[in-house]
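Thanks for making time this morning. I would like to walk you through one model, starting with its pocket and ending with some strand pairing.

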Amino acid sequence: MIDLTTLPVRLAPIFTDAGPVKIIRAHHKYALPLSEAGKLALSSVKPYMGPGLTPVTLRHAESLITTLEQQRQIGYGITYLLMWNEQCLGMGLLNYIHPVHLNANLGLWLVPAARGRGLAVKLCERLIEIARQPLGLNRIEYFTLPDNQASIKLAQALGARKEALCKRRILNQDALLFSLLL
C-alpha cells in the first residue's frame, strides 16, 4: 500500500495578479467553500465527472470530504483544493492509485471564472510532482470526453499522449485516454 498519510497538507502557492492561489489538501474546514464552488461548476462539470465530485450542498461537501479522507487513509487517492482567499476555485485529485503497478488517474474541475488562467495546468503539475515523488508512481492516466476541447488542451499542455478511445468509459460515454509516463 502506498502511504498517503505523509503527504503535505499545503503545497507551494501559485502566484497570480490577484494574489496567491493555494493548493490545500481537502479538509472539513473547506466544506462550505467547496459546496459554493460546486454550485458554480456543476452544470459544466457534471457531463464529464458526474455529480459526485461537485458537491452543491454543505452536507454533500462534508460527506464527500469524509469519503476522500477515508480514501487517502487507505492509499486510494489524494485530493487537493485550489483556494484563493476564502474561495474554492476547484479541486484536483489523484485516485485509483495502484500499489503494484504504480499508476493513478488524474482528475480535476474548476469554477468557470478560474478557467483559462493557467490554474488547471499549475494544479495538475503539482499533482504530478506528488505522483512522481514522494509516491514514486510510473504512470498517470487522464480521461476526457472527446468533445471537451479544454480538457484535451490541458492534457497536451501537460505533455500527456493520447493512447486510445475507450468505449463507454465515462458515465457510459466514450472517452479519450491520455497518459503521462513519469
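By pocket I mean, on a 1 Å grid over the protein atoms alone, an open set of points where a 1.4 Å probe fits, with protein on both sides within 12 Å along at least five of seven lines, and lining residues have an atom within 4 Å of a point. Grid points are joined across faces, edges and corners, and a volume is the space filled by probe spheres set on the points. The model is predicted, so local features need pLDDT of at least 70 and side-chain atom pairs 80 or more, while totals for chains, interfaces and linings use all residues. Residues are numbered from 1 along each chain as its sequence is written, and side-chain values use heavy atoms, without hydrogens and water.

The largest pocket holds about 1,100 Å³ of space. It is lined by 42 residues, of which Tyr48, Met49, Gly107, Leu108 and Tyr142 are the closest to its centre. Among the elements giving two or more residues to this lining are α1 (31-49), β5 (103-110), β6 (139-144) and β7 (161-170), where helices (H or I, at least four residues) and strands (E, at least two) are DSSP runs numbered from the N terminus. The largest share, six residues, comes from β5.

Turning to the strands, which pair if DSSP finds at least two bridges between them, β6 runs antiparallel to β8 (residues 173-181) and is joined to it by six bridges, with Glu141 partnered by Ser179 in β8. β7 and β8 also pair in the antiparallel sense over six bridges, and Ile170 stands opposite Gln173. In that hairpin, which has two residues between the strands, Leu171 takes a positive phi near 50 degrees.
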